Amino acid sequence: MAMAKRRKVEPKYAVNISMKAWDLAKAGAAVTLRVRDRGLLLGTIEIGQGTFGWKGAKTKSGFKRISWRKLAEDFQRYH
């Protein structure tokens, strides 16, 4: 019995990260993640010591800052 060919499925979401080891030692340094849906930029996440930030791809203003406590409360409420 022949096996059906599996077609290669491209991942729907991708998160790109770029940082250098010496960036971590800087005070206030943040990690920046770009979130994509099949190549289309959805937005950017910035994670720092004090806050979590989100900026949508089409947002003209800066990052929306969310404290770690608020982020944890939101995750608890919705997940």
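What follows is a quick tour of the chain, from its overall layout down to a few residues.

Keep in mind that this is a predicted model. The protein chain has 2 helices and 5 strands, and starting at the N terminus they come in the order β-α-β-β-β-β-α. Of its 79 residues, 16% are buried. As for contacts between residues at least 6 apart in sequence, 8% join residues at least 24 apart.

Now for the rings. How many aromatic pairs does a search of the whole structure find? It turns up 1 aromatic pair. The partners are F52 and W68, with ring centres 6.1 Å apart; their planes sit at 70 degrees, and an angle over 60 counts as edge-to-face, so that is what this pair is. F52 belongs to strand β4 (residues 51-56) and W68 to helix α2 (residues 68-78), so the pair links distant parts of the chain, 16 residues apart.

One more residue deserves a stop: R38, in the loop between β2 (31-37) and β3 (40-47). Its phi is near 50 degrees, a positive value in a residue other than glycine. Most residues other than glycine have a negative phi.

| Residue | Relative accessible area | Class |
|---|---|---|
| F52 | 16% | buried |
| W68 | 35% | partly exposed |
| R38 | 53% | exposed |

Conventions. Residues are numbered from 1 along each chain as its sequence is written. This is a predicted model: local features need pLDDT of at least 70, side-chain atom pairs count only at pLDDT 80 or more; totals for chains, interfaces and linings use all residues. Side-chain values use heavy atoms; hydrogens and water are left out. Rings of Phe, Tyr and Trp (its six-membered ring) pair if their centres lie within 6.5 Å; planes under 30 degrees apart count as stacked, over 60 as edge-to-face and the rest as tilted. Helices (H or I, at least four residues) and strands (E, at least two) are DSSP runs, numbered from the N terminus. Buried means under 20% relative accessible area, exposed over 50%, partly exposed in between (1.4 Å probe, protein chains only). Contact means heavy atoms within 4.5 Å.
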